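Subject: Model handover

Hi,

Here is the model for you to look through. My notes come below it.

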Amino acid sequence: MKALIPVLILLAGTAQAADRIERGQYLVNTSGCRDCHTPLKMGAHGPEPDMARSLSGHPQDFVITAPVAPPQGPWMVVTAQTATAFSGPWGVSFTANLTPDVETGLGRWSENDFVQTIRTGRHLGRGRPVLPPMPIPVYSQMTDDDLKAVFAYLKSLPPIRNKVPEPLAPLAPAHP
Amino acid sequence: MSGLGALGKVPLMHRFAATAVLLCLATAAGAALPERLSQTGLGGPGVRAFEPRFALWSDGAAKRRWIALPPGGQVDASQPDAWRFPIGTRLWKEFSVDGRPVETRHFVLGFDGRWEFASYVWQGDDAVRAPARGQTLTLPGGRRYDLPSVGDCVACHAGARSPVLGFAALQLGPAVPALLRDGLLKNAPAAWATQAPDFIASGPAEHAARGYLHGNCGHCHFDGGVPVPLRLALDVGQPPAPVDAAQVLRRAGTRNPYQQMPPLGTRDLDRQGLALLQRHFIQETRP
């Protein structure tokens, strides 16, 4: 019987990890992560998520070099065809590759890097600001457990190599 | 007689000592940092000025720094590149622009092992605690000046090998033997009693350039720091790690807010610092 204890502990730990990944999947699916981090492609019925590039962010081969001039009238934000790039008063933001690719995604990130990014609204918790339209004010209120679950799920995905470009600065200072 | 009145009969030095102990106890206990800089103990007994060799660029602001250890406290240097500080350690950094002090940052290590950060804005003869969310000042002449938020302080200090960036072996270098003699350090390598800690450099140009990167980038870019393959922190007695010089020069040479390095605390390029990097790296790549 004693010999079974380590096995039971291992099984319990594995079940706990699986539960966490499942919880993370639920949160990703219900929190709109794919709306921006999975590029759209044109399908038979209009734009649809390109699930072959699920959660891999703005496609590296869709090159955008400058913000668009603000449109006339009440409009503020222009969204690219893929819904992965956004031009606004902050410049152009590109959605990140959330798959665990080591070179281009979250492969090198620690759980703490991810939690601190969402918690502080700064890249890696200490770099440049995470830009609109990422709803940091919403997600930063998630519990640590939920954020860790999201990270565990993202780390369980197949890595997709896709180097998302750096954000582009605005045409003119947003704040004179 | 009130408690304060009773202090009037206590010799001046004893009052200073009592004040220092009370300040240490109050701040170390995790009490909120005081509203005025004059209440933090700066200028009191046990406060020691220091100056790092490789200063962080702060858009040309002149800086002065001080440290106060709690009575009997010593800095543990057993990890030469990650000193550990005793509970109750207090530090200050004053920023001046055009010869006038603008802000003084202050941080304290509490009993719970957590650092508390605050910034104080100078108003006349004293400085007043700034909002925790940060603040942008307009200085005489119209220049903008950003006071960091507490989150900004944490962003640079909390994730580093030691949260105290400037009071460290490589930053203090030639001043270290005197610290040992004065009893401020414990568990330090014996060699430091006579020989200042340093890193291995091929010459003055590399020493200056890699020291600059250590001071401006090393608090994030070290093994175990941000997860990018770039190591700019230096180690005592070791040569610097190889770097992608073009990338370093590109990120240090822009103030595009999304690409610049460091990512916060500066709006203006450090042209002297860049020239120093270019002198070393461009010379290094020549055949």
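The notes start with conventions, then go through the chains and some local backbone features.

This is a predicted model: local features need pLDDT of at least 70, side-chain atom pairs count only at pLDDT 80 or more, and totals for chains, interfaces and linings use all residues. Residues are numbered from 1 along each chain as its sequence is written, while chains are lettered from A and ligands numbered from 1 in the order in which they are written.

**Chain B overall**

Chain B has eight helices and 10 strands. Both are DSSP runs, numbered from the N terminus (helices: H or I, at least four residues; strands: E, at least two). Of its 287 residues, 31% are buried. Buried means 20 or more other C-beta atoms within 10 Å of the residue's own; exposed means 12 or fewer; partly exposed is in between; C-beta atoms are placed from the backbone. Take the contacts in chain B between residues at least 6 apart in sequence: 57% join residues at least 24 apart. A contact here means C-beta atoms, placed from the backbone, within 7 Å.

**Domains of chain B**

The domain assignment gives domain 1 (3–179) and domain 2 (199–285). Such bounds come from an automatic or database assignment. Domain 1 puts 22 residues into the contact, and domain 2 puts in 21. On the domain 1 side, α3 and α4 (169–172) of chain B are the elements that give two or more residues. That side has 13 nonpolar, four polar and five charged residues. The classes: Ala, Val, Leu, Ile, Met, Phe, Trp, Tyr, Cys and Pro are nonpolar; Asp, Glu, Lys and Arg are charged; the others, Gly among them, are polar.

**Between the chains**

12 residues of chain B are in contact with 15 residues of chain A. The chain B side divides into eight nonpolar, four polar and no charged.

**Helix α3 of chain A**

Helix α3 (residues 111–120) packs on helix α5 (residues 144–156) of chain A at an angle of about 120°, with the axes 9 Å apart. Axes are lines fitted to C-alpha atoms, for helices over the stretch in contact, and angles run from 0 to 180 degrees between N-to-C directions. Glu111(A), Phe114(A), Val115(A) and Ile118(A) in α3(A) meet Asp144(A), Leu147(A), Lys148(A) and Phe151(A) in α5(A). By class, that contact has five nonpolar, no polar and three charged residues.

Which residues of α3(A) are buried? They are Phe114(A), Gln116(A), Thr117(A), Ile118(A) and Thr120(A). These buried residues pack against α4 (136–139) and α5 of chain A, together with α3 (150–157) of chain B. Just after α3(A), Gly121(A) takes a positive phi of about 75°.

**Backbone points to check**

Most residues other than glycine have a negative phi, and most peptide bonds are trans. These sites depart from that:

- Ala83(A) has a positive phi of about 60°. It lies in the loop between β3 (78–79) and β4 (85–88) of chain A, and counts as partly exposed because it has 17 C-beta neighbours inside 10 Å.
- Asp98(B) has a positive phi of about 50°. Its place is the loop between β4 (90–97) and β5 (100–109) of chain B. With 12 such neighbours, Asp98(B) is exposed.
- Pro132(A) to Pro133(A) is a cis peptide bond, with omega near 5°.
- Met261(B) and Pro262(B) are also joined by a cis bond, omega about -5°.

Methods
Contact = placed C-beta atoms within 7 Å.
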